[in-house]
Amino acid sequence: GHTLGMMGGGQLGRMFCHAAQSLGYKVVVLEPTEESPAGRVAEYEVVSAYDDMKGLDTLLSYTQAVTTEFENVPAASLKYLSSQIRISPSAAVVAVVQDRIAEKTFIASQGIPVAPYAEIRTIEDLEKADNTLFPAILKAARLGYDGKGQARVKSVAEAVEAFKSFGEVPCVLEAMLPLKKEVSVVMARGFDGKIALFPIGVNTHINGILSSSVVGVEEIDPTIEKAAQEAAIKIALGLNYFGVMCVEFFILEDNRLVANEIAPRPHNSGHYTMNACLSSQFEQQVRVLAGMPLGSTDLLAPTIMLNILGDSWFAHGGEQAIEPDWASVLALPGVNLHLYGKAEARKGRKMGHINIVNKDPQQLIYYARQVSDILHLNAKI
Ligand code: ATP
Ligand code: MG
Ligand code: MG
């Protein structure tokens with residue numbers, strides 16, 4: 001029982017491997033492609049499609065507990081695994097959160113506000129959608145991430161065009177809301193039912209991709225913070241969820257709180273925990289899966305997480321990827337660099353992140369801006 005299973009070979013799987021290994025566990029990674037970021041650091045690698053029975057049986061032969069790094073694992077595979085071993089997240093949870101229609105329906109059923117939306121399955125659904133939803137965002141119900149599978153639309157005509165370009169897959173049409181802030185609640189719930197909440201982080205995005213998470217710097221209205229944490233706990237309990245979970249929220253101009261989406265796993269906006277807390281979100285994922293007590297989530301010092309995309313390799317304007325100047329970044333105080341070991345840098349691809357930690361919020365912002373300048377991140381901090 002000292003090997004834990006991870007479905008998915010990306011950076012989240014890789015950081016799970018590191019946390020697991022540090023706690024004395026081995027990891028078996030199941031992932032369809034060879035040489036993946038997680039596969040290369042795991043003790044065992046099973047190269048297999050997520051719905052291939054042979055691959056799943058091989059995974060089972062290594063371990064009694066399996067988790068995932070993304071929500072698009074086939075629910076049927078999780079169901080099959082769960083008949084024999086401990087699994088987080090459950091097939092039932094994944095079925096809800098991998099479909100925006102089911103996800104929004106569930107969140108609203110818990111009495112938690114979501115953006116006004118309409119379910120879109122046909123062009124007629126768009127034509128009869130409430131006009132007050134516009135300007136809107138059309139989001140494919142499944143498989144979107146980093147703003148992919150989304151279109152901002154000002155009219156029914158634009159929405160129809162976008163719907164067609166998505167291949168007329170089921171979508172939600174969401175009212176575009178006036179956002180003041182975006183925040184995340186990352187939490188862990190053990191199989192014993194105990195809950196640990198990480199401090200709330202404030203997120204910024206560039207082109208639909210998370211750019212920065214800031215923790216312990218700006219004052220967040222304590223009532224809003226409490227409401228967000230209570231909503232996240234309500235969601236976890238309502239889903240009968242065990243594992244690490246992130247809920248993204250919007251804080252609107254008028255201070256209303258709206259839940260955006262649920263990630264049934266560690267989330268990019270929780271990467272700051274790797275250096276800002278004694279136990280990171282990945283360590284919590286290990287602890288939950290291993291049936292161990294949850295670790296401390298107190299904030300040790302204000303922290304800014306900056307995502308590093310492949311764009312930093314092309315900031316010189318040329319076609320050839322050039323490694324960023326890590327030495328200049330690492331020369332700054334409080335900088336922690338985490339690279340994901342991806343084979344090739346590409347624009348828009350997440351290559352790593354940096355956590356800048358500093359007890360003094362002013363200095364923290366000062367050094368984070370320097371990191372942003374050196375790596376050409378254009379972070380809004
Ligand atoms: P992720 O990579 O976090 O999974 P995603 O592709 O699932 O992202 P969303 O989180 O739904 O997409 O949206 C991406 C970003 O677009 C949000 O963080 C927010 O900045 C903006 N956005 C989404 N929905 C709305 C909305 N209804 N009103 C205003 N802005 C929105
Ligand atoms: Mg998402
Ligand atoms: Mg999101």
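Helices here are DSSP runs of H or I with at least four residues, strands are runs of E with at least two, and both are numbered from the N terminus. UniProt, in an unreviewed entry, places the feature "domain: ATP-grasp" at residues 104–290. UniProt positions are given in the numbering used here, feature names are shortened, and annotations may be inferred rather than shown by experiment.

A quick word on what you're looking at. This is a predicted model, in which local features need pLDDT of at least 70, side-chain atom pairs count only at pLDDT 80 or more, and totals for chains, interfaces and linings use all residues. Residues are numbered from 1 along each chain as its sequence is written, while chains are lettered from A and ligands numbered from 1 in the order in which they are written.

Now zoom out to the whole chain. It has twelve helices and 18 strands, and its C-alpha trace spans about 55 × 50 × 45 Å along its principal axes. A compact globule of 381 residues would have a radius of gyration near 21 Å, and the chain has 21 Å, so the two agree. (That radius is taken over C-alpha atoms, and the globule rule is 2.2 Å times the number of residues to the power 0.38.) Buried residues make up 45% of the 381 residues. A residue is buried if 20 or more other C-beta atoms lie within 10 Å of its own, exposed if 12 or fewer, and partly exposed in between, with C-beta atoms placed from the backbone. Among contacts between residues at least 6 apart in sequence, 61% join residues at least 24 apart. Two residues are in contact if their C-beta atoms, placed from the backbone, lie within 7 Å.

How is the chain divided up? There is domain 1 (3–88), domain 2 (116–175) and domain 3 (179–375), with bounds that come from an automatic or database domain assignment. The C-alpha centres of domain 1 and domain 3 lie 23 Å apart. Where these two touch, 20 residues of domain 1 are in contact with 19 residues of domain 3. On the domain 1 side, helix H1 (11–22) and strand S4 (65–68) are the elements that give two or more residues, and H1 gives the most, with seven. By class, that side divides into eleven nonpolar, four polar and five charged residues. Here Ala, Val, Leu, Ile, Met, Phe, Trp, Tyr, Cys and Pro count as nonpolar, Asp, Glu, Lys and Arg as charged, and the others, Gly among them, as polar.

Next, find ligand 1. Domain 2 and domain 3 both give residues to the shell around it, so ligand 1 lies between them. Of the 19 residues around ligand 1, Ala-115, Tyr-145, Asp-146, Glu-174 and Leu-177 come nearest. A residue counts as near a molecule if its C-beta atom, placed from the backbone, lies within 6 Å of it. Strands S7 (136–140), S9 (171–175), S10 (179–189) and S15 (257–263) are the elements that give two or more residues to this shell. Its classes come out as seven nonpolar, five polar and seven charged residues.

Ile-120 is buried because it has 25 C-beta neighbours inside 10 Å. Ile-120 and Phe-163 are 43 residues apart in sequence, yet 8.8 Å apart in space, C-alpha to C-alpha. Contrast Asn-378, in the segment after helix H12 (361–375): Asn-378 is exposed, with 11 other C-beta atoms within 10 Å. Leaving aside its neighbours within four places in sequence, Asn-378 is in contact with Ile-206 and Ser-372.

Most residues other than glycine have a negative phi, and most peptide bonds are trans. A cis peptide bond joins Ser-88 and Pro-89, with omega about 0°, and the bond from Phe-134 to Pro-135 is also cis, with omega near -5°. Glu-35 has a positive phi of about 60°, and sits in the loop between strand S2 (26–31) and strand S3 (44–47). Asn-240 has a positive phi too, near 55°, and lies in the loop between helix H8 (222–238) and strand S14 (243–252).
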